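Let's take a friendly walk through a protein chain. Keep the picture open while you read, and look for each part as it comes up.

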Amino acid sequence: PVEWPLEHWSSLDAYQLPPAPPEAGPDVDLARQRVAKERETYYTLGGFGQLFELLRALRPFEKVLMDLVDDNPVYLEIMQARFEFFYETQRRTLEAAGGLIDFCHAGDDFGNQRGPMISPSIFDRHFASKYRCYFDMVHAHNARTMLHMCGCCEAFLPRLVDLGLDVYDVVQPTTPSMDIAVLARNCGEGLTFCGSVCVQTTLAW
């Protein structure tokens, strides 16, 4: 049977976040050398973090949605802890790379096949400030921000651009509103799109 680590709050005491990566040491030095070598030919992509997505792995999806609507204090405390871990991991990665990372990648599937899974007001209440903080930190290290979102996410894009998003990955054209031309017209010149071929139909075969 499928079980979630925090389906019941009684399991909270046993839940622990992993430690953030080290800021210095031989492994960090080796990684920096490898990134420098790869950057001679390619753009470099650093880190990967999730807020909404990983929280859905901890609790059943319907409970996650109700936690967001109800402003459940325990859930929000976990979300803050996960954000701080994600933020610190990305910060240490950028610091260790010393300017060698071009893009920082994160991912949250805020959309499904037909539309958003949460409302813009819920996004603003629980996620917007965290993403602004993260995007500001990435830009302070002279890197660009990149966010993966599956599904129909057009409702969030103007807000994310305002918060500091540079690249939207991967465009999933499942509805007319997700057509790349429509998105480009609605988002202006403030956003770069990565991918516009459906991963469920064209690329799947």
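We'll begin with the whole chain and then zoom in on a few residues.

**The whole chain**

One thing to keep in mind from the start: this is a predicted model. The chain contains seven helices and five strands.

How does the radius of gyration compare with that of a compact globule? A compact globule of 205 residues would come out near 17 Å, and the chain has 18 Å, so the two agree. Along the principal axes, the C-alpha atoms fill a box of roughly 50 × 45 × 35 Å.

Of the 205 residues in the chain, 40% are buried. The accessible surface is about 11100 Å², and carbon and sulfur atoms account for 55% of that. Charges are part of the picture too: there are 17 positive and 28 negative side chains, and the centres of these two sets lie 2 Å apart.

What about contacts across the sequence? Take the contacts between residues at least 6 apart in sequence: 73% of them join residues at least 24 apart.

**Rings meeting rings**

The structure has 15 aromatic pairs. One of them is Phe-110 with Phe-127, an edge-to-face pair with 5.4 Å from centre to centre and 70° between the planes. This pair ties together distant parts of the chain: Phe-110 sits in the loop between strand 2 (103–107) and helix 5 (120–140), while Phe-127 belongs to helix 5, 17 residues apart.

Phe-123 and Phe-156 make another pair, with ring centres 5.4 Å apart and planes at 50°, so this pair is tilted. Here, too, distant parts of the chain are linked. Phe-123 is in helix 5, and Phe-156 is in the loop between strand 3 (144–148) and helix 6 (157–163), 33 residues apart.

| Residue | Relative accessible area | Class |
|---|---|---|
| Phe-110 | 0% | buried |
| Phe-127 | 0% | buried |
| Phe-123 | 1% | buried |
| Phe-156 | 1% | buried |

Find Gln-50 next, in the loop between strand 1 (45–49) and helix 2 (52–58). Gln-50 has a relative accessible area of 17%, and because the cut-off for buried is under 20%, Gln-50 counts as buried. Which residues does Gln-50 touch, leaving aside its neighbours within four places in sequence? The contacts are Phe-86, Gly-107 and Asp-108.

Then move on to Asp-67, which is part of helix 3 (residues 61–70). Its relative accessible area is 5%, so Asp-67 is buried as well. Setting aside neighbours within four places in sequence, Asp-67 is in contact with Trp-9, Arg-59, Asn-72 and Tyr-75.

Gln-50 is buried in a loop, and Asp-67 is buried in helix 3.

Key
Residues are numbered from 1 along each chain as its sequence is written. This is a predicted model: local features need pLDDT of at least 70, side-chain atom pairs count only at pLDDT 80 or more; totals for chains, interfaces and linings use all residues. Side-chain values use heavy atoms; hydrogens and water are left out. Helices (H or I, at least four residues) and strands (E, at least two) are DSSP runs, numbered from the N terminus. The radius of gyration is taken over C-alpha atoms; the globule rule is 2.2 Å times the number of residues to the power 0.38. Buried means under 20% relative accessible area, exposed over 50%, partly exposed in between (1.4 Å probe, protein chains only). Contact means heavy atoms within 4.5 Å. Accessible areas come from the Shrake-Rupley method with a 1.4 Å probe; for residues, only the protein chains shown count as cover. Lys and Arg count as positive and Asp and Glu as negative; His and the chain ends are not counted. The place of a charge is taken as NZ of Lys, CZ of Arg, CG of Asp or CD of Glu. Rings of Phe, Tyr and Trp (its six-membered ring) pair if their centres lie within 6.5 Å; planes under 30 degrees apart count as stacked, over 60 as edge-to-face and the rest as tilted.
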